[in-house]
Amino acid sequence: MSSKRINPLPKIIGFAFLLIMAVIWIIPLLWGVVTSFKSEIELQTVGFKFLPIEWVLTNYTTLLVDNTSTPLVRWFTNSVVISVSHTLLVLIVVTLSAFAFSRLNFRGKHGLFAFLMATMMFPGVVNLIPLYKIIDVLGWVNSPIAMIVPGAAGVFNIFLVRQFMNNIPLEFDEAARMDGASDFQILGKVILPLIKPVLLVVALFSFTGSWNDFLWPSIVFNDIEKMPITPGLQLLQGMYQAQPTLLMAGALVAIIPTFILYLFAQKYFLESMSLSAGVKG
């Protein structure tokens with residue numbers, strides 16, 4: 001009985017392509033890291049040299065300790081508060097909404113869900129002006145609430161969690177109701193333990209999306225002390241555009257939380273790429 005010989009060429013080509021793309025991606029990142037530890041004089045006089053002749057922390061002390069015009073530590077703290085609060089609110093709103101659409105029966109449920117899905121067809125930039133008007137009327141301009149509340153009811157997140165809830169047999173709910181459980185008890189004790197993976201994915205992407213958001217905070221914040229770190233980096237660039245070592249140090253400080261988050265949760269980032277395999281149409 002003859003066995004087919006596996007051609008290794010496609011795998012070799014695929015590996016080579018991914019290796020080249022990884023190198024292209026990681027070299028600028030490494031260059032930014034080592035540049036942040038160079039002195040400005042060395043960068044301007046020595047020319048191209050990948051590793052610093054002398055490793056210095058001057059750029060970081062200038063930004064984090066001796067700086068009041070660009071309060072990087074304050075921006076960093078603002079971003080942490082905003083991103084964590086936004087993520088918690090997203091989990092609450094999305095879980096309750098998905099549970100209602102998946103497990104409860106009420107009039108107009110399917111029509112309302114279809115309407116929500118239709119709103120995904122509109123680009124987000126269309127909502128900027130009316131959303132700012134709402135924020136202004138509510139008095140949330142220059143407030144963290146302007147970043148925390150909008151976007152909490154993300155339609156795609158609701159759709160994703162709802163589809164996973166649909167995969168849980170209704171017999172679980174019926175058995176819990178026979179034992180006297182209420183809807184909230186069913187959600188907390190039956191549904192939530194089974195959908196933890198998808199909720200972790202929603203949390204991870206909500207946090208990184210809020211942390212990396214640039215356009216919306218640039219619109220709603222004009223107080224330097226209250227803005228998060230992403231639009232703050234734009235101010236940093238305007239002030240230190242002739243000092244790339246300082247800019248690199250600021251950029252690296254900004255990516256620390258998402259980098260650490262990825263290190264500890266990379267398994268869930270990778271799982272998120274195949275979540276569609278568990279979604280039932």
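This is a predicted model: local features need pLDDT of at least 70, side-chain atom pairs count only at pLDDT 80 or more; totals for chains, interfaces and linings use all residues.

Colleague: Okay. How many helices and strands are there in the protein chain?

Modeller: The protein chain has 14 helices and zero strands. The radius of gyration is 24 Å, well over the 19 Å that the globule rule gives for 281 residues, so the chain is more spread out than a compact globule.

Colleague: What does the C-alpha trace span along its principal axes?

Modeller: About 75 × 75 × 35 Å.

Colleague: And how much of the chain counts as buried?

Modeller: Of the 281 residues, 35% count as buried. The chain exposes about 17300 Å², and carbon and sulfur atoms supply 70% of that area.

Colleague: What about contacts between residues at least 6 apart in sequence?

Modeller: Of those contacts, 71% join residues at least 24 apart.

Colleague: Switching to annotation: where does UniProt put the transmembrane regions?

Modeller: The unreviewed UniProt entry lists residues 12-34, 80-101, 113-132, 144-165, 186-207 and 246-265 as "transmembrane region". That entry also places "domain: ABC transmembrane type-1" at residues 76-265.

Colleague: How much helix is in residues 76-265 of the model?

Modeller: That span is 75% helix and 0% strand, and its end C-alpha atoms lie 21 Å apart.

Colleague: And what do residues 186-207 and 246-265 look like?

Modeller: Residues 186-207 are 95% helix, with 27 Å between the end C-alpha atoms. Residues 246-265 are 100% helix, and their end C-alpha atoms lie 29 Å apart.

Colleague: Now the surface. Which residues make the nonpolar patch?

Modeller: Phe 15, Leu 19, Val 23, Trp 25, Ile 26, Ile 27, Leu 30, Phe 48, Phe 50, Leu 51 and Trp 55 make it, and the patch covers about 1200 Å².

Colleague: Let's take Phe 15. Where is Phe 15 found, and is Phe 15 buried or exposed?

Modeller: Phe 15 sits in helix H1, which runs over residues 9-35. Phe 15 counts as exposed because its relative accessibility is 57%, and the cut-off for exposed is over 50%.

Colleague: Are Arg 103 and Asp 173 buried or exposed?

Modeller: Arg 103 counts as buried at 8% relative accessibility, and Asp 173 is buried too, with a relative accessible area of 2%.

Colleague: Which residue does Asp 183 form a salt bridge with?

Modeller: Asp 183 bridges to Arg 177, with 2.6 Å between the closest N and O atoms. Asp 183 is partly exposed, at a relative accessible area of 30%. Arg 177 also counts as partly exposed, at 37% relative accessibility.

Colleague: Last one, Thr 230. Where is the place of Thr 230, and what does Thr 230 touch?

Modeller: Thr 230 belongs to helix H13, residues 229-239. Leaving out residues up to four places away in sequence, Thr 230 touches Trp 211, Asn 212, Asp 213 and Phe 214.

Colleague: Why does Thr 230 count as buried?

Modeller: Because its relative accessibility is 17%, and buried means under 20%.

Methods
Residues are numbered from 1 along each chain as its sequence is written. Side-chain values use heavy atoms; hydrogens and water are left out. UniProt positions are given in the numbering used here, feature names are shortened, and annotations may be inferred rather than shown by experiment. Helices (H or I, at least four residues) and strands (E, at least two) are DSSP runs, numbered from the N terminus. Patches are made of residues with over 30% relative accessible area and no salt bridge: like charges are joined within 9 Å, nonpolar side chains (Val, Leu, Ile, Met, Phe, Trp, Tyr) within 5 Å. Accessible areas come from the Shrake-Rupley method with a 1.4 Å probe; for residues, only the protein chains shown count as cover. A salt bridge is a side-chain nitrogen of Lys or Arg within 4 Å of a carboxyl oxygen of Asp or Glu. Buried means under 20% relative accessible area, exposed over 50%, partly exposed in between (1.4 Å probe, protein chains only). The radius of gyration is taken over C-alpha atoms; the globule rule is 2.2 Å times the number of residues to the power 0.38. Contact means heavy atoms within 4.5 Å.
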